[in-house]
Amino acid sequence: MEISVEVQNLTKRFDGFTAVDSINFSVMKGEIFGFLGPNGAGKSTTIKMLCGILSPTEGTGTVSGYDIVTEQDKIKNTIGYMSQKFSLYSDLTVRENLQFFGSIYGLTGKKLQERIDYVREMAGIGDRMDSPVDILPGGIKQRLALGGAILHDPPVLFLDEPTSGVDPLMRRNFWELIYDFSRKGKTIFVTTHYMDEAEHCSRMALVIAGKIIALDTPDNLKRSLPYSVYALRTDDFIKVFDKIAKLDFIEEAAIFGSDIHILCDNKYKLKSELGKVLNKSGITDYRIERIPATLEDVFVTHARKLGV
Amino acid sequence: MKGILIRPAILKSFIMKEFKQILRDKRMKMMLFGSPVLMLIVFGYAVNTDISEIKMAVLDSDKTSESRQLLRKFTSSGYFTHYVSLESPDEAAKFLDKGEADMFIHIPADFKKNLYSGKATELQIILDGTDSSRASVIMAYINQISSDFSVEYLTQKVRMLVLSRGSSSVRFNEPLPVKERILFNPDLTSRNFYLPGVLSLLVALITIMLTSMSVVKERESGTMEQIIVSPLSSAEFIAGKTLPFAIIGVAEISVITLIAIAWFKVPFNGSFVFLIFSSIFYIMCTLSVSLYISTVSQTQQQAMLSTFLFFIPAMMLSGFIFPIYAMPEIFQYITMLNPMRYFMAIIRGIFLKGVGFTVLWHELLALTVLGSVLISLSIRRFNRGFE
């Protein structure tokens with residue numbers, strides 16, 4: 001497999017604050033590589049170093065085989081970047097934006113027109129080519145921003161929280177586009193803080209406080225969890241929650257709707273242990289069920305371990 | 001974003017994009033079209049440092065035809081008006097304090113008597129000195145009128161003396177007349193002095209403020225990142241950002257020159273081509289300042305404020321209002337670093353004196369040197385921001 005993006009000990013410090021702390025990873029061609037973490041974990045900083053917006057304090061990296069410090073100029077034509085902020089000119093029309101961004105990538109004439117037509121189709125612009133992008137609905141704007149990033153048909157795409165502030169249906173749409181790119185052999189590096197979105201990735205890195213704390217496929221990450229997850233359903237769930245949250249064999253308890261989700265170390269037999277406690281309190285009407293772990297469980301477990 | 005490469009097709013599309021944005025931005029349009037109109041109105045109509053309508057509070061204790069003749073001499077000069085007649089000197093303070101009258105003139109009771117007996121006659125004048133330059137001009141007018149009056153009176157007296165002795169053959173000379181002739185701005189109209197200067201202010205204000213705002217706007221709206229990740233070179237970016245405003249600056253100079261000549265009848269004696277030619281070097285200086293400002297401003301408001309932080313002192317030290325030769329020496333040296341000072345001299349030279357390269361080459365050279373130094377400094381600083 002061909003490596004598309006690779007970094008070694010990549011570090012970025014701002015005035016003594018370490019935003020990205022010696023991270024290592026490599027992304028294969030055609031992969032959808034997710035960077036999952038809370039705000040301020042260093043996701044955007046990493047992407048900006050890879051795109052040449054920021055220069056690393058330490059460490060090395062390559063994108064499409066070019067060095068991110070010394071060969072920035074060569075990287076530029078091979079990447080598309082969609083920043084967290086909407087980054088087209090809001091006072092220009094769709095057509096003007098696409099023409100401008102196409103032209104600065106050296107696209108002209110028929111080739112430019114072809115790509116503009118492609119983006120028009122992909123982003124669902126329809127007959128709004130001459131509307132200012134300001135007045136387009138959020139979902140279309142966001143797909144248009146993606147369109148702006150792929151006008152020059154780059155083999156590597158960097159998407160920085162591309163779906164923040166977009167409704168679920170639009171998000172689903174958006175991910176379909178991303179799958180499509182991936183099928184065409186494009187490499188996608190995407191940051192997000194939505195757990196459910198991370199499930200879409202081929203592989204993902206969990207980042208907290210500038211460090212990668214886990215990196216694998218979503219399934220492997222869930223499997224590697226040393227805990228089992230249970231759902232407890234009962235009538236008076238708030239009272240029960242207060243009672244069981246402090247028990248020493250329970251790692252983590254959280255209310256989900258009218259259920260209580262419980263994380264429990266695999267060495268305990270939760271059903272019988274918890275049964276005893278509940279019976280003692282006179283609670284008999286309940287149901288405990290083992291459920292599959294989610295990425296959120298994985299994330300919370302790792303975060304707890306770090307004391308976050 | 002690095003590199004000094006400029007590809008014409010890319011630069012052209014950048015410049016077109018800039019013009020579209022400028023023309024769609026309300027704030028920029030206001031600056032572009034509103035500020036010239038405002039400044040032309042202010043300096044074409046409102047600002048008038050010509051001194052006339054000096055209001056006199058008059059106490060004529062003599063009340064003779066001679067004293068009235070003296071007063072008529074004042075009012076017929078065109079500069080003075082008889083604002084109020086007083087009964088006692090004590091009333092004068094009231095009018096001067098309120099600023100209703102500019103001066104108090106007291107003709108003593110023995111004015112005529114002293115005049116005829118050949119004794120020294122005295123006039124009492126009290127001037128409002130709040131505005132010192134106005135007061136000194138008024139003082140000069142008064143001296144002129146009173147000396148005219150005495151010369152006329154003497155001439156008349158001598159003539160009568162000669163006539164009474166019957167010797168009509170005696171030739172009689174007028175006293176030595178001083179005829180003043182003022183070159184370049186013969187009416188001493190302040191409009192002729194200020195309006196050409198407005199060109200230099202406006203071009204600086206517009207190019208500095210709008211360019212820095214338009215750069216900072218890219219940063220504010222996040223489009224800057226999109227530009228940085230693209231293959232656009234930094235030379236293309238800087239040229240794309242500054243050239244539209246350079247073009248606008250030159251256009252603004254042409255239009256305002258035309259308005260000044262056609263509407264305000266400001267004399268234009270020099271070469272228009274030379275005006276445009278030297279404005280290019282001036283605009284090079286102001287655009288460098290704007291690039292510098294764009295590197296220190298995070299928001300468009302900051303860019304606006306920084307523009308004024310440069311603009312106000314530059315205007316004060318340009319000779320636009322306060323003559324440079326009257327400044328303390330240290331400030332005179334500081335003005336040498338001020339591009340506005342040189343362009344101000346060039347513009348006034350072209351408009352009022354009709355001089356060209358042979359006289360103004362010092363200023364043009366200074367602008368060229370200043371412009372080259374400033375532009376290389378600010379481009380260096382600008383590029384450092386992307387490393």
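In chain A, four strands form an open sheet in the order β12-β13-β11-β14, with antiparallel pairing. The model is predicted. Strands β12 (250-256) and β14 (286-291) of chain A stand at the edges. Each has a single partner strand, so one side of each lacks a neighbour in the sheet. From one strand to the next, the twist averages 25°. Strands of a sheet pair through backbone hydrogen bonds, in either a parallel or an antiparallel manner.

Within this sheet, strand β11 (residues 227-234) of chain A runs antiparallel to strand β13 (residues 259-265) of chain A, and seven bridges join them. One bridge partner pair is A:Leu232 with A:Ile260, the latter in β13(A). A helix packs on the sheet: α10 (residues 270-280) of chain A touches β11, β13 and β14 of chain A. The direction of this helix makes about 160° with that of β14(A).

A hairpin is found elsewhere in chain A. Strand β1 (residues 3-14) and strand β2 (residues 17-28) of chain A pair in the antiparallel sense over eight bridges. A:Ile3 stands opposite A:Met28 in β2(A). Two residues lie between the strands of the hairpin, and A:Asp15 takes a positive phi near 40°. In a regular strand, side chains alternate between the two faces of the sheet.

Chain A is divided into domain 1 (3-216) and domain 2 (226-292). Their centres, taken over C-alpha atoms, are separated by 41 Å. Chain B is also divided into domains: domain 1 (8-48 + 189-384) and domain 2 (54-164). The C-alpha centres of domain 1 and domain 2 of chain B lie 49 Å apart.

Helix packing was examined in chain B. The axes of helix α10 (residues 272-296) and helix α14 (residues 357-384) of chain B come within 8 Å and cross at roughly 25°. That angle makes α10(B) roughly parallel to α14(B). The crossing of α10(B) and α14(B) is left-handed. Contact residues of α10(B) include B:Phe274, B:Phe281, B:Met284 and B:Leu291. Those of α14(B) include B:Leu364, B:Leu367, B:Gly371 and B:Ile375. By class, the contact of α10(B) with α14(B) has 16 nonpolar, six polar and one charged residues.

Helix α10(B) also meets helix α13 (residues 339-353) of chain B. The axes of α10(B) and α13(B) come within 10 Å and cross at roughly 170°. The two helices are therefore roughly antiparallel to each other. From α10(B), the contact is made by B:Phe274, B:Leu275, B:Ser278, B:Tyr282, B:Cys285 and B:Thr286. From α13(B), it is made by B:Pro339, B:Phe343, B:Ile346 and B:Ile350. The residues of the contact of α10(B) with α13(B) divide into eight nonpolar, two polar and no charged. B:Phe274 is listed in the contact with α14(B) and in the contact with α13(B).

The two chains also touch. Their contact takes 20 residues from chain B and 24 residues from chain A. On the chain B side, the elements that give two or more residues are α1 (8-24) and α8 (223-228) of chain B. The largest share of that side, seven residues, comes from α1(B). By class, the side of chain B that touches chain A has six nonpolar, seven polar and seven charged residues.

Notes
Residues numbered from 1 in each chain as written. Chains lettered and ligands numbered in written order. Predicted model: local features only at pLDDT ≥ 70, side-chain atom pairs only at ≥ 80, totals over all residues. Pairing = 2+ DSSP bridges. Axes fitted to C-alpha atoms, helices over the stretch in contact; angles between N-to-C directions. Parallel < 35°, antiparallel > 145°, perpendicular 65-115°, else oblique. Left-handed = near helix turned anticlockwise from the far one by under 90°. Contact = placed C-beta atoms within 7 Å. Nonpolar A, V, L, I, M, F, W, Y, C, P; charged D, E, K, R; others polar. Domains from an automatic or database assignment.
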